[in-house]
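Let's take a walk through this structure together.

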Amino acid sequence: MTNNPNVVISESKSSINMAITVTVSNSSIFQATAQKPPAGPSSTTGGGYISISRSTKLVQQPDGRARIKTWVDSMRASSPSRIKPTPSLSDHDHDHDHDHNSSWMLHHPSALDMFDQIIDASKGKQIVMFLDYDGTLSPIVDDPDRAFMSDAMRKTVKMVARSFPTAIVSGRRRDKVYGFVRLGELYYAGSHGMDIKGPTKDSNYKKCTQSVLFQPASEFLPMIDQVYKQLVEKTKSTPGAKVENNKFCLSVHYRCVEEKKWSELAQQVKSVLKDFPQLRLTQGRKVLEIRPTIKWDKGKALEFLLESLGFNNCSDVFPVYIGDDRTDEDAFKIIRERGQGFGILVSKFPKETSASYSLREPSEVMDFLQRLAEWKKRPILPLPGQCQM
């Protein structure tokens, strides 16, 4: 068996812990993507990693001021205002806004309203749950270190995990998400899926007895740490800016930064990243994300987890992914392309999305998950004339 330190499956049997190292380089997920790891100071860790090619879809942006303007425009676009339309808007504007909302809801109806249809579509298939954290299981807050989930939400997620294999997929570092959720029955995919670990204790789902650890970007760790230190130093002069080290990626939060300072912050980030072509910049809700230029995202994490569970090429699997951010779109697209399961976008505002359904806020997510867990508990009644087993 070829050793691969990036993928480890641990299985506990009685008091004996067996660590089994496996290779998944022949997996369908990695075909046509494996190549030599990117050269640079981070590759001194040696061989043995699953190599994943850098993304060929990086946006080539103009240099200098034009690039900064592009970033700031994108920062505004990815940070919709929470302010409702004022009464001073004309009736025509209100009618247009209402029509736009109605049209969007027609194409992305409430998952609560469509619950029965979702259940009908899942009949005879294994539901696998994928949940984003911030803005999905917890409300969006100004201080990312205080994005706590409620006890009621934790209890609900635990109920769901007893019924279905369940994963938290977040841009945050895995151990931080685990610190918020504190449920050992779940899979945790941190750093946009670049750090995956399975349940630390048994769940009712029989295949969840394995603990999977997958880190496709391990060779980037020294570089990420170096960039983190530089960003912290550079952004000190911008009030409200916060740099978060998510282990395999970095987040520069600007939720508490005045909009007139966004250009200055973007310039600071650019001045650091210009020396690190192996890293790329993407955006989420009031956050700039810096991550390795490998073909890996939340959609790839979803595929990897389905494959780990033995479902990747099955027709009887039904993945349900609930998320609120632009980075969740990668998972929504994978689900749509597979033609299995549904994506559910959490948003109070119409957004361009590949999700099929919508929920307005975390409280509705909790309602949906509760209904799902309660539905699973119900006894299946035999059809007329059908014999009970």
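## Rings, charges and a buried helix

Start with Phe130, Tyr321 and Phe332, which form one aromatic cluster. Rings of Phe, Tyr and Trp (its six-membered ring) count as a pair if their centres lie within 6.5 Å, with planes under 30 degrees apart called stacked, over 60 edge-to-face and the rest tilted. Before going on, a word on ground rules: this is a predicted model, so local features need pLDDT of at least 70 and side-chain atom pairs count only at pLDDT 80 or more, while totals for chains, interfaces and linings use all residues. Residues are numbered from 1 along each chain as its sequence is written, and side-chain values use heavy atoms, with hydrogens and water left out.

Now zoom out for a moment. The protein chain has ten helices and 14 strands; these are DSSP runs, helices being H or I with at least four residues and strands E with at least two, numbered from the N terminus. Of its 389 residues, 50% are buried, where buried means under 20% relative accessible area, exposed over 50% and partly exposed in between (1.4 Å probe, protein chains only). Take the contacts in the chain with a separation of 6 or more: 62% of them come from residues 24 or more positions apart, a contact being heavy atoms within 4.5 Å.

Back to the rings. The whole structure holds twelve aromatic pairs. One of them is Phe214 with Trp296, an edge-to-face pair at 5.0 Å centre to centre and 65° between the planes. This pair links distant parts of the chain, with Phe214 in strand β7 (residues 210-214) and Trp296 in the loop between β11 (287-292) and α8 (298-308), 82 residues apart. Phe214 and Trp296 are both buried. Tyr254 and Trp262 also make an edge-to-face pair, with 4.9 Å between centres and 70° between planes. Tyr254 counts as buried because its relative accessibility is 0%, and Trp262 is buried too, at 5%.

What about the charged side chains? There are 17 salt bridges in the whole structure, each one a side-chain nitrogen of Lys or Arg within 4 Å of a carboxyl oxygen of Asp or Glu. Glu233 and Lys236 meet in one of these at 3.2 Å, N to O, and both residues are exposed. Lys274 and Asp275 pair up at 3.6 Å, N to O. Lys274 is exposed because its relative accessible area is 56%, whereas Asp275 at 49% counts as partly exposed.

Then have a look at Asp328 and Lys298, whose closest N and O atoms are 2.9 Å apart in their salt bridge. Asp328 lies in the loop between β12 (317-323) and α9 (329-338) and Lys298 in helix α8, so the pair ties together parts that are 30 residues apart in sequence. Asp328 is buried at 0% relative accessible area, and Lys298 counts as buried at 2%. Elsewhere, salt bridges that share partners join Asp134, Asp145, Arg172, Lys176, Lys242 and Glu244 into one network.

Finish at helix α4 (residues 151-163). Its 13 residues should span 18 Å at 1.5 Å a residue, and its end C-alpha atoms are 19 Å apart, which agrees; the expected span is 1.5 Å times one less than the number of residues. Which residues of α4 are buried? They are Met153, Arg154, Thr156, Val157, Met159, Val160, Ala161 and Ser163. Their cover includes β3 (126-131), β4 (166-169), α5 (174-181) and α10 (362-377).
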